[in-house]
Every structure is written in C-alpha cells, then in structure tokens.
Amino acid sequence: MSDLGDLCSAAVDASREGEQVEAYAEETRRTNVRAREGEVSALEFAESRGVGVRLIAGHRLGYSYVADPSESEVVEALERARENARFATEDEFNALPAAAPAEPLPELFRGSQAEVDTEKKVGLALDLEKAAVTADPRVRKVEEVTYGDAVSRMALASTLDAGGEYSRTDCWCVVSTLAEQDDETQTGFSFRIAREMGELEWQECAAEGADRAARLLGARKPPSGRFPIVLDPHAGSSFLGVLAGAVNADAVQKGRSLFAGLVGEEVASSAVSLVDDGRLLDGPAAAPFDDEGVPAGRTELISNGVLRGFLHNTYTALRGGEASTGNASRPGYRGPPSVSPSNFFLEEGDLSPEEILARADGGVLIQEVSGVHSGANPISGEFSVGATGLRIEGGALGEPLREMTVASTIPDMLRSMDQLGADLQFFSSIGCPTVLISEMTIAGT
C-alpha cells in the first residue's frame with residue numbers, strides 16, 4: 001500500500017507545463033459504539049482512504065478522485081481532472097495557494113488512543129449508559145448513548161509546493177436521556193469531545209444529560225412578553241451556526257449575508273468578540289493548515305462589537321482582494337475545497353454561569369432551541385424558533401418552560417449581549433459560553 005505522501009507526489013509529478021495541480025489524500029479509521037438497556041445495540045467500524053486531484057489550467061478547474069488507489073490510479077485521476085477542466089468555465093479567481101510554512105501540531109495525535117482496543121470502547125459505552133440512567137431516579141431510559149473515535153491522517157502536495165502531512169486522534173461521547181414522570185417524558189442532551197479516551201469527560205456528560213431532561217419535567221407554557229434571556233452553551237451554539245454562514249466570504253460575495261458591506265462598523269455589543277482559530281487545541285477542528293495547505297491561524301471576525309472581516313479560502317480571497325484566512329474545507333477527498341469555519345467561537349468572559357443567572361433575575365434560561373437554521377433568514381437575520389428552558393428566580397433556576405417561541409433578529413441579539421460566561425464549550429466546530437441577553441421576546445400563552 002502506497003504512502004499518502006507518495007500518492008500525492010505521483011499526481012504532482014505528472015503535471016504538465018502551464019498546469020497547477022494539487023493532490024489531497026486522507027485515510028480514516030472510525031469506530032462507533034451504541035449502548036441501550038445494558039447491552040451494545042450497535043458496533044460499527046469504518047475505514048476510508050482516497051485521493052482527490054484538483055487541476056487548474058487556463059483558469060479552468062477540473063476535479064477527480066479515486067478510493068484506495070495505487071500511484072498509477074492517482075495519475076489516471078489526474079487525467080480525468082484534466083479532461084474535466086477542458087469543459088469547465090473560465091474563472092480568473094481559480095488558483096492554488098502559494099507555499100507557506102505551517103508550524104506542526106504534534107499534540108493532535110495521541111499514540112495511546114490509536115491503540116485502544118474494541119473491548120475498552122464497548123466498556124466505556126456501557127458505563128456511559130449506566131451512569132446516565134443512575135444519575136437521577138426519574139431518568140431510567142436513554143434515547144441514545146454513543147462512544148465514537150477516529151484515527152486520521154492526511155497529506156497534501158501541489159505544484160506550488162503548498163501542503164504537508166499530519167495525523168490526529170479524536171474521540172467523543174453523546175448522551176440523549178429520557179426523563180419520565182406520570183405521563184410526561186422529557187429529553188436531555190449532552191456531548192463531549194477529546195483527543196484521547198483518558199481526557200474524555202464522559203461521567204460529566206452522563207450527569208448533564210440526565211439533569212437536562214429531569215429538570216424539564218412539569219414544564220408549561222410561559223406567558224408572552226419581553227424578558228432577560230440566558231442562552232446556555234448548547235442553545236447559544238445553535239445561533240452561532242447562523243453567524244458562521246454570515247461571516248463566510250462566499251456568502252458575502254454572493255449577497256447572502258446580513259454583514260455584507262459592514263466591515264469596520266459596530267454590529268454587536270462591546271462584550272462580543274467572535275473568533276475562528278484553526279490552531280486552538282481545545283477545539284475539535286485544530287490543524288496545522290487548512291484543506292488546501294494554507295497555514296491555520298486566528299481570525300478575529302468581530303472584535304469588541306466591531307466587524308473586522310470574513311472567512312476566506314484562496315478563491316474567495318482572490319475574488320475579494322484579501323488574503324486567505326486558512327478556512328478551506330473539504331467534504332473529504334471526494335470534493336474540492338469550499339469555505340468553512342474551523343474552531344469558531346464567541347470568546348468567553350469572566351463570569352461563572354451562576355453569576356450570569358444572578359444578573360438575569362425574572363428572565364428565562366434557554367437550554368434548547370429548534371429550527372434555527374430553517375427559521376432564520378440569512379440576509380435579514382430575522383428568526384423565530386421553538387425553545388425549552390427554565391425560569392430564573394432569585395438568581396437560580398426555577399419553573400421549567402416548554403412550547404415557547406423566541407423571536408428577534410441576529411443583529412438585535414448581538415447588540416443585546418451584555419455578558420459572556422467563562423465556560424466556553426465546543427459542539428463540533430462551534431463553541432459558545434453562557435450568554436446573557438438583556439431582553440428578547442418570548443411568545444407562550
């Protein structure tokens with residue numbers, strides 16, 4: 001079996017004069033274990049290996065990929081990309097990035113995690129379920145309990161000498177619990193990520209999942225009105241997903257962003273700083289360089305309320321007269337890069353969640369929202385979403401609330417963010433701390 005670096009070199013070496021050629025190779029070994037009722041309900045193994053080849057000639061782009069290839073098959077993929085480019089439309093912004101040195105991140109790979117046996121993974125999944133259904137007497141069932149991990153390696157090479165290689169390990173756990181009382185059922189969700197099993201906070205994940213379900217039992221609709229709102233990290237991350245689209249340069253250039261034309265203007269309160277940091281090791285998407293070889297780094301998108309810029313890959317950067325921010329991302333080796341956040345988060349503040357609750361007396365903690373992506377207008381920022389949560393009484397959590405609708409606009413929400421907690425938590429590539437919003441509209445009874 002050929003080394004990933006050798007596969008990439010095979011494509012680059014077969015390039016012709018006047019062509020820019022890039023080869024992206026990856027291999028991943030993934031495990032998922034699901035547990036229910038004290039038994040393993042699913043045990044899944046998956047392996048993938050392949051190379052994608054991007055070719056640019058005369059400003060025309062062609063792409064092709066091949067799974068589990070030999071070096072000769074990679075050269076054949078290059079030929080297909082060359083043929084595809086002949087029929088593509090010219091675009092002056094099609095180009096590969098120039099070479100730039102990227103500092104390695106050896107902490108991404110943990111050799112001990114790569115050697116964890118299946119029995120230990122199964123044991124953790126079973127322990128995770130047991131912990132979830134014994135944390136609270138009202139939680140006796142789970143909707144889902146999963147332990148998963150992945151060992152990955154990628155390599156990239158181009159005719160412009162961009163790229164390199166790196167390896168990584170990742171593991172995660174998911175808990176979705178069911179709390180029951182009389183004829184009522186409530187669900188609670190929790191999630192944790194780490195580089196290796198020994199760092200995975202699975203006990204906290206189980207306890208949080210049980211608590212988030214049990215504390216909603218007896219929930220009722222609240223009266224309608226305007227209240228102080230606290231978004232917990234779970235709920236806040238859902239709204240950040242909309243912001244990720246709004247600061248994507250591709251969306252901005254196509255007129256699909258509420259932030260188009262606002263660079264340098266105040267778009268949020270001074271408490272808000274929105275960052276993308278591809279080298280942040282606490283974030284799950286950390287990497288030394290992005291998926292076209294540009295070194296990863298920190299990009300301040302909103303600094304103390306002021307919009308500073310957008311996320312770029314090489315194409316959008318050339319089109320906008322900017323520099324790439326190292327945010328090229330691929331759907332694996334099967335497709336060319338687009339623009340996507342890496343570790344995208346609101347910078348945390350210095351207050352504990354308890355201190356934020358104390359400042360929101362009479363308000364509502366939102367712990368889950370539904371329909372944000374379908375219910376939010378990407379241009380105006382208007383949204384109306386379903387939510388569940390709890391009343392805040394005397395600085396503590398009180399009556400549980402359900403079937404309420406939260407409505408506002410993303411700009412108004414950003415300007416109303418008064419305080420951010422010191423409890424940043426990542427959900428996939430998006431991270432959010434607890435957020436205090438001075439006032440929002442809730443529709444209930």
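1. Phe-45 is placed in strand E2, which covers residues 39-57. In this predicted model, Phe-45 has a relative accessible area of 53%. Phe-45 counts as exposed because its value is over the 50% cut-off.

2. Together with Val-40 and Leu-43, Phe-45 makes a nonpolar surface patch of about 260 Å².

3. The largest nonpolar core contains 49 residues, and Phe-259, Phe-344 and Ile-366 have the most contacts inside it. Helix H6, residues 233-246, supplies the largest share of this core, namely seven residues. Apart from this core lies another one, of 20 residues, including Leu-124, Val-145, Met-197 and Leu-200.

4. Phe-259 deserves a separate entry. Which residues does Phe-259 touch, not counting those up to four places away in sequence? They are Leu-243, Ala-246, Val-247, Val-267, Leu-307, Phe-310 and Leu-414.

5. Helix H5 runs over residues 202-214 and has 13 residues. From its first C-alpha to its last, H5 reaches 18 Å, which is close to the 18 Å expected at 1.5 Å a residue. The buried residues in H5 are Trp-202, Cys-205, Ala-206, Gly-209, Ala-210, Arg-212, Ala-213 and Ala-214.

6. What covers the buried residues of H5? The cover includes two helices, H4 (118-134) and H6. It also includes strands E4 (139-158), E5 (163-181), E6 (184-194) and E14 (364-370).

7. Glu-71 is located in helix H2, which comprises residues 71-86. Its relative accessibility is 35%. Setting aside residues up to four places away in sequence, Glu-71 touches Ser-2, Asp-6, Leu-7 and Ala-10. Between Glu-71 and Asn-327 there are 256 residues of sequence separation, and their C-alpha atoms are 29 Å apart in space.

8. Thr-299 lies in strand E9, residues 298-303. Is Thr-299 buried or exposed? Thr-299 is buried, because its relative accessible area of 13% is under the 20% cut-off. When neighbours within four places in sequence are left aside, Thr-299 is in contact with Leu-274, Val-275, Asp-276 and Thr-325.

Technical notes:
Residues numbered from 1 in each chain as written. Predicted model: local features only at pLDDT ≥ 70, side-chain atom pairs only at ≥ 80, totals over all residues. Heavy atoms only, no water. Patch = residues over 30% accessible without salt bridge, like charges linked within 9 Å, V, L, I, M, F, W, Y side chains within 5 Å. Areas by Shrake-Rupley, 256 points an atom, 1.4 Å probe, with all protein chains shown as cover. Salt bridge = Lys/Arg side-chain N within 4 Å of Asp/Glu carboxyl O. Helix = DSSP H or I, 4+ residues; strand = E, 2+ residues; numbered from the N terminus. Buried < 20%, exposed > 50% of the residue type's maximum accessible area, 1.4 Å probe, protein only. Core = buried A, V, L, I, M, F, W, Y, C linked by side-chain atoms within 4.5 Å. Contact = heavy atoms within 4.5 Å. Expected span 1.5 Å × (residues − 1).
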